[in-house]
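This report reviews selected features of one protein chain. Please consult the sequence and the structure alongside the text.

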Amino acid sequence: GSRAARPLVSGLFGFGIDGFTANASVWTKKRILRPGSAPRALAAWAYTCQMCFLGYGGEPGAVKPVRAVTLWWVLLLVSRLGATRKESLEEASFYYGTFPLGFSWGVGSSAFQTEGAWDQDGKGPSIWDTFTHSGKGNVLGEETADVACNGYYKVQEDVALLRELHVSHYRFSLSWPRLLPTGVRADGVNKKGIQFYSDFIDALLKSNITPIVTLHHWDLPQLLQVKYGGWQNVSTANYFSDYASLCFEAFGDRVKHWVTFSDPRTMAEKGYETGHHAPGLKLHGTGLYKAAHHVIKAHAQAWHSYNNTWRSKQQGLVGISLNCDWGEPVDISNPKDIEAAERYLQFCLGWFANPIYAGDYPQVMKDHIGRKSAEQGLDMSRLPVFSLQEKSYIKGTSDFLGLGHFTTRYITERNYPSRQGPSYQNDRDLVELVDPNWPDLGSRWLHSVPWGFRRLLNFAQTQYGNPPIYVTENGASQKLHCTQLCDEWRIQYLKGYTNEMLKAIKDGANIKGYTSWSLLDKFEWERGYSDRYGFYYVDFNKKNRPRYPKASVEYYKKIITANGFPNPREVESWYLKALETCSINNQMLAAEPFLSYMQIMTEILVPTVCTLCILIAAVLLMLLLRSLS
C-alpha cells in the first residue's frame, strides 16, 4: 500500500523532547537505545519464550497465540540480541507539562461486558450469549454475562461515578440485538432499547459528559450468524449499515462522535481463526480475512450513510477503533528484523487502516499471503481483493483514527513453511518476544512498556497522514486474584502511558483525547471475571453488583484536573493521596461483611425486641387493669 518512506523511523525515534530531533539517517548510524534493556540470561529468555509462545491471555485487544519454539531457536535469539542496550534519556525521563487546551479525558466500556439483562425488555440473543451458554467450556469457569455489572439497571449510579472521575467523555457501545432483536431493521425495532440508550445519553449530557458511541463491539445478533454466517457473508455489511442508520437517526441529534467497530482485528482473528471468541469458528487462514474484508466494507457503508444523509444536520464525526501493540525489532542492526517489525505493524494496524487511508491492503500483506497461497496450491490469494470501485469507496472513510494500545512486543523474523497449512500466524513470518524485565501486570500477555505507546502514536501519525487520533483503549488489568483497591501498578501504568502520549503530542501527533480502559471491572470475554481492568472494583458475588473506587480513581482524577503533569512535587503528592484514600476504602471494604452481619442482625433483632416490648407492656397493662378492678 502507499506509505511514507521508512515509517518505522518515525515511530522508533523521538522528536523535539530532551534534545532529540527527527533524523532518518540515525537509523544507519547508531542503534536505538531502549529503556531498561540489558543482556539477558539464557534461562530468563527461555522462560520468556515459554510464557510467550505456549500461552496467551484474554486481552481486550490483540491476541497472540504464537507457536512454541524449541531451545535451539531460543539460543539463536539470544545470540542475535547483540551488545548491551543502555537506557535512553529521551525515553526514560519523565516529561512535566500539560496537554493542549480542550484535550478530552475519558473512560470506556462495552455493552456486552457491562449491561447484563441479556434477555430483558425485548433484547434478542447475540453470538456471545450463545457462545457463553453453550456449556462447552468456552469461558473460564463457565461464566456468562447474563448479569455482568448489572449496568442496564444502574445507569444513574454509573453516571455518578463518571462525575466523580471528572471525565470529559464516556465511550460505550450500543447492543445491536437490544435495538434490533434479529439484527434486521425490517423485522422491527425494539422501542425499549431505543428508550434505554436515549435516556442514558441524556443522563450523560446532563452531567456535561460527551458520549462517544461505538456501534459494534463484538456482540453480533445471533440470528445473523445462524441465517447468513455472520461476518463471513457480505450481506451482514448491509444489515450493519441499516443498523447504523437507525442509530444516527435515533441518537445523532445528541451524539457527535461515532465509532463503527471496536478492535475488529481481534473480532476477526479470535472469532474466525482461533475460535476463542464468538462465534467460535476455526477457519484457519481464510475466515479471518473474509470477515475483516466485510467489516471494512460495512465501516465504509456506515460512514457514507452518515456523510450523505446526516452530517449536514448533525455535524458529527465517524471513525473506527483499531487496537495494536507496538512491534520493536529484536536486532535493529538486522534488516530482516526491521522488516519483520514493519510486517507485524502492517498485519496488525495496517490491515484495517491502510484500506481506509490509502484504499487497499498493505502491499506486504498482499505479497506474503499471495505467495503462501500459491505455494499451498491455491489459484487465488486467501486475502480477498477490493475492486477499483471499492478501493475508491473505502478510501477516506474516517473523520478520526481511534487507536487502542496496551503493550509492546519484540519482533524477530521466522519463516514458516507454507506446507504447515494456512494460518494468520504463518502468513506473518515472525516471532513475538517479551523482555523478562518488563513489569508483569498479572495478565500473562500484558506488560508495562510505556515507550512503545509513543512510538505507535508517531507511527500512526506519519503512516496515515497526520489524522486526528483518539486513544480509544488503554489500561491495565488486576494484578492479584483478590479484592485489591490499592492498585499501585495501575497508577504507574497510567502515569507512564499518559506521559508518553504527552511526549507524542509534543512530537507533533494530533491526539485529541484519551480513553482509559475501563470504568468498571467487567466480563472479560473468554477470561470471564478473572481479569479486572476497572477503576471501580465490582463485587460480582453480590446480587446488586456494588462498585468500590480503587486508588487509581483518585490519581486519574488529578491528571484530568491538572490536564497533565505540572511538577514533580505535585505529581508525587497525587500518588500518596491516592494510596491514603484506598487504604481507608480497603478498611471499609474489609469491615463490610461485619457491618452487613450487624445490619442483618439489627433488621431481625430490632423488630423482635420491639414486638416483645409491646407484648410485655400489654401484659403488664392487663394485670394493672385487673388489680384496679
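## Basis of the model

The structure is a predicted model. The values that follow should be read with that origin in mind.

## The annotated active site

An unreviewed UniProt entry carries the annotation "active site", and this annotation covers E473. In the model, E473 belongs to strand β11, which comprises residues 469-473. The relative accessibility of E473 is 1%, so the residue counts as buried, the cut-off for that class being under 20%.

The side chain of E473 also has a polar partner: a contact of 3.5 Å joins it to the side chain of N323.

## Disulfide between C324 and C348

A disulfide is a covalent bond between the sulfur atoms of two cysteines. The count for this model is two disulfides. One of them joins C324 to C348, with an S to S distance of 2.1 Å. This pair links distant parts of the chain, 24 residues apart: C324 sits in the loop between β6 (317-323) and β7 (326-329), whereas C348 is part of helix α15 (residues 335-358). Both cysteines, C324 and C348, are buried.

## Disulfide between C486 and C582

C486 and C582 form a disulfide as well, and their sulfur atoms are 2.0 Å apart. The link of C486 and C582 is right-handed, with 105° about the S-S bond. C486 is located in the loop between β11 and α20 (488-507), and C582 in helix α22 (residues 568-628), so the bond ties together parts of the chain that are 96 residues apart in sequence.

C486 has a relative accessible area of 11% and is therefore buried. C582 is likewise buried, because its relative accessible area is 1%. When the bonded cysteines are numbered in sequence order, the pairing reads 1-2, 3-4.

## Cysteines without a disulfide

C610 takes part in no disulfide; its nearest cysteine sulfur belongs to C613, at 6.3 Å. Seen from C613, the closest cysteine sulfur is that of C610, and the 6.3 Å between them is too far for a bond; the criterion requires sulfur atoms within 2.5 Å.

L612, L615, I616, V619, L620 and L623 make up a nonpolar surface patch of about 580 Å². Among these residues, L620 is found in helix α22. L620 has a relative accessibility of 52% and therefore counts as exposed, since that class begins over 50%.

The unreviewed UniProt entry places the feature "transmembrane region" at residues 604-625. In the model, this span is 100% helix and 0% strand, and its end C-alpha atoms lie 32 Å apart.

## An enclosed helix

Helix α13 spans residues 264-272. How many of the residues of helix α13 are buried? Nine of the nine are, so the helix is largely enclosed by the rest of the structure.

How values were computed
Residues numbered from 1 in each chain as written. Predicted model: local features only at pLDDT ≥ 70, side-chain atom pairs only at ≥ 80, totals over all residues. Heavy atoms only, no water. UniProt positions renumbered as here; feature names shortened; annotations may be inferred. Helix = DSSP H or I, 4+ residues; strand = E, 2+ residues; numbered from the N terminus. Buried < 20%, exposed > 50% of the residue type's maximum accessible area, 1.4 Å probe, protein only. Polar contact = N/O pair within 3.5 Å; in protein donor to acceptor, adjacent residues only side chain to side chain. Patch = residues over 30% accessible without salt bridge, like charges linked within 9 Å, V, L, I, M, F, W, Y side chains within 5 Å. Areas by Shrake-Rupley, 256 points an atom, 1.4 Å probe, with all protein chains shown as cover. Salt bridge = Lys/Arg side-chain N within 4 Å of Asp/Glu carboxyl O.
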